[in-house]
Amino acid sequence: MDPDRNFNELATRFRNTIYATARGRLRLAALTQDFADLNVLTPDARVLDIGGGQGQFCLALAQQGAQIHLCDISQEMLQIANEQFAENRLPLHSAHCALQDVDNAFPGNFDIVLNHAVLEWLENPLDALPILAQKVRPDGWLSLMFYNLHGHVWRQLMNGGLNDPLGANPKLRKHGNAPQHPLDPEILQRELEKLGFEILRWRGIRCIHDHMPQKVRERVGPEALADADLAYGLKEPYRQLGRYVHFLARKRH
Ligand SMILES: C[S@@+](CC[C@H](N)C(=O)[O-])C[C@H]1O[C@@H](n2cnc3c(N)ncnc32)[C@H](O)[C@@H]1O
């Protein structure tokens, strides 16, 4: 079994290949729309971003007045987060610590807990859920984004991986750049419900973008494509094909 994936040597590549691209912009647009639709952010909200990496999305929350606490096992990702907040003259409480030790670095609970694109890199993803749950205050929110099993399998099939659609792209896998555990949203939903959460938003992210041939993407253009992705990402059955799923789950009091 692989250990949890530290992003140290990937930090610069991550900034350039994820957030500087249409894929990254779609991810941010989807999260932004979900937070706005459900009125998640209250003035002065205390936010904890676990495995927060470079802090791109929580920077947007800080710009709206939230107080951000962020932890990660990668010192290099944290350094970029600290620089980005400093450039924007916004405070950031950051800690070099693992999800499994988050309670030591940031005791107590929070209005909003973010865990985005982390679970699939952990050795034991489901073990993380009670830790995340415990950090959310009653009536607070968990924003959970994870690499979707169904989107992964469909992409592998469309790429001709007919014999092993569950497997990862061998080149990515070799360099540790493929998430080790694509996750089944229904299993996560069940586990979160057991932990006292109600899922109020279930969105697929990049459910059109990643399955569309490059030539067609160029013809329709990035804006029309983003609009369609955001709209179909909320509809069954298309949302099931998203490369990522975003849940907004509210903790019962
Ligand atoms: C794909 S990045 C996502 C970063 C950020 N949440 C985002 O959405 O942009 C995954 C992050 O999880 C971190 N990570 C992996 N295992 C971790 C653990 N056990 N505890 C804390 N962070 C972890 C990695 O170092 C990396 O920064």
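This is a predicted model: local features need pLDDT of at least 70, side-chain atom pairs count only at pLDDT 80 or more; totals for chains, interfaces and linings use all residues.
Where is R23? It lies in helix 2, which covers residues 22-37. Now pair R23 with S143. They are 120 residues apart along the chain. Their C-alpha atoms are separated by 19 Å.

Next, the backbone. Some background first. Most residues other than glycine have a negative phi, and most peptide bonds are trans. So which residues have a positive phi here? I have two to show, N39 and D139.

Take N39. Its phi is positive, about 50°, although N39 is not a glycine. You'll find N39 in the loop between helix 2 and strand 1, and that strand spans 46-50. Is N39 buried or exposed? N39 is exposed, because its relative accessible area of 63% is over 50%.

On to D139. Phi of D139 is near 75°. Again, that is a positive value in a residue other than glycine. D139 sits in strand 5, residues 136-147. D139 has a relative accessible area of 28%, so it counts as partly exposed.

Last stop: a peptide bond. Look at the step from E236 to P237. That bond is cis. Its omega is near -5°. Where does P237 sit? P237 is in the loop between helix 11 and strand 7. Helix 11 is 222-232, and strand 7 is 244-251.

To recap the backbone: positive phi at N39, positive phi at D139, and a cis bond from E236 to P237.

Conventions:
Residues are numbered from 1 along each chain as its sequence is written. Side-chain values use heavy atoms; hydrogens and water are left out. Helices (H or I, at least four residues) and strands (E, at least two) are DSSP runs, numbered from the N terminus. Buried means under 20% relative accessible area, exposed over 50%, partly exposed in between (1.4 Å probe, protein chains only).
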